[in-house]
Amino acid sequence: VQLVESGGGLVQPGGSLRLSCAASGFTFSTYVLSWYRQAPGKEREMVARISNGGGVTNYEDSVKGRFTISRDNAANTVSLQMNSLKPEDTAVYYCYAKRVIGGTSRDYWGQGTQVTVSS
């Protein structure tokens, strides 16, 4: 099983980045996919989540209207489009997959990609 993030980097405030996560080794379309982030000295927090079919999305309040999560079940990828970036968006961003069937939970994490918003 692998979740491999890409697309992080250094961007100026107000700029944009698009993160991608490529999955392999599990039945991608049956998993809810999320992006989490962890800033230095802070707890990891959920940023955005998308249902297995892609029809339902949820966002952390501070990113609503700026970030958009999407998925391509044919390509086994999930993306996070981040616009109007702020310094407080600086963090390591993680891709997360979770499925609960019959009371049994299975989940996977990616290794993370650094996003730095700074002038």
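Reply: A disulfide is counted where two cysteine sulfur atoms lie within 2.5 Å. This is a predicted model, in which local features need pLDDT of at least 70 and side-chain atom pairs pLDDT 80 or more, while totals for chains, interfaces and linings use all residues. Residues are numbered from 1 along each chain as its sequence is written, and side-chain values use heavy atoms, without hydrogens and water.

Me: Which residues does a disulfide join here?

Reply: In general, a disulfide is a covalent bond between the sulfur atoms of two cysteines. Here Cys 21 is joined to Cys 95, with an S to S distance of 2.2 Å. Cys 21 belongs to strand β3 and Cys 95 to strand β9, 74 residues apart; strands are DSSP runs of E, at least two residues long, numbered from the N terminus.

Me: Is Cys 95 buried or exposed?

Reply: Buried means under 20% relative accessible area, exposed over 50%, and partly exposed in between, with a 1.4 Å probe and protein chains only. Cys 95 is buried at 0%, and Cys 21 is buried at 1%.

Me: What is the order of the strands in the open sheet?

Reply: Strands of a sheet pair through backbone hydrogen bonds, either parallel or antiparallel. Pairing requires at least two DSSP bridges between two strands. In this model, the open sheet of four strands runs β1-β3-β8-β7, with antiparallel pairing. Since β1 (2-6) and β7 each have a single partner strand, they stand at the edges, and one side of each lacks a neighbour in the sheet. The antiparallel pair β7 and β8 has six bridges.
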